[in-house]
Structures are given as structure tokens and as C-alpha cells.
Amino acid sequence: MKKAEDCNTVDEAYACLKELEKDPNRLIRNAKELEQLEQEILGYTNRISALLLKKVSRPQ
């Protein structure tokens, strides 16, 4: 799975976020793993926001 910063389109970032959500091997056993998952989700949502903002603010 790509890291958030490697996603070049909103669709790519969203697909990675959905892949993360559906990963059956992803178990949260302690607070540190929960924090790590939260940071990954935040990275993808921030990347989606940045790509959308870039798209909207691009001069036409």
C-alpha cells in the first residue's frame, strides 16, 4: 500500500484509505498501534484535502 505522500490523485489516496479500512490483517493490540493507525488515517485524509485544495485553487 502506498504512503499518503506518494498518492498523486484524490482517487489514489481514497483507494489507499479504503484498503487500510478493509485490511483483515490489521489488528490493534495496544494504544501505540491505535495511535499509529490514527496517524495513517490522518495522513490520507490530509493528502486528500491537499489534493482537493490544489485542484480548486489551480487557475483556469
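Which residues are exposed on the other side of helix 1? They are Asp-11, Glu-21 and Lys-22, where exposed means over 50% relative accessible area, buried under 20% and partly exposed in between (1.4 Å probe, protein chains only).

A quick word on the model: it is predicted, so local features need pLDDT of at least 70 and side-chain atom pairs count only at pLDDT 80 or more, while totals for chains, interfaces and linings use all residues. Residues are numbered from 1 along each chain as its sequence is written, and side-chain values use heavy atoms, leaving out hydrogens and water.

Let's look at helix 1, residues 10-22. Helices here are DSSP runs (H or I, at least four residues), numbered from the N terminus. Its buried residues are Ala-13, Cys-16, Leu-17 and Leu-20. Seen down the axis of helix 1, these fall within an arc of 100° (taken from the directions from the helix axis to the C-beta atoms), so they line one face of the helix. They pack against helix 2 (31-57), with contact meaning heavy atoms within 4.5 Å.

Now for the salt bridges: the structure holds four. Each is a side-chain nitrogen of Lys or Arg within 4 Å of a carboxyl oxygen of Asp or Glu. Here are some of them, including the pair in helix 1.

| Pair | Closest N and O atoms |
|---|---|
| Glu-21 and Lys-18 | 2.9 Å |
| Glu-40 and Arg-26 | 2.4 Å |
| Glu-33 and Arg-29 | 3.3 Å |

Glu-21 and Lys-18 sit three residues apart in helix 1, so about one helical turn separates them. Glu-21 is exposed at 55% relative accessibility, whereas Lys-18 is partly exposed at 31%.

Note on methods: Helix = DSSP H or I, 4+ residues; strand = E, 2+ residues; numbered from the N terminus. Expected span 1.5 Å × (residues − 1).
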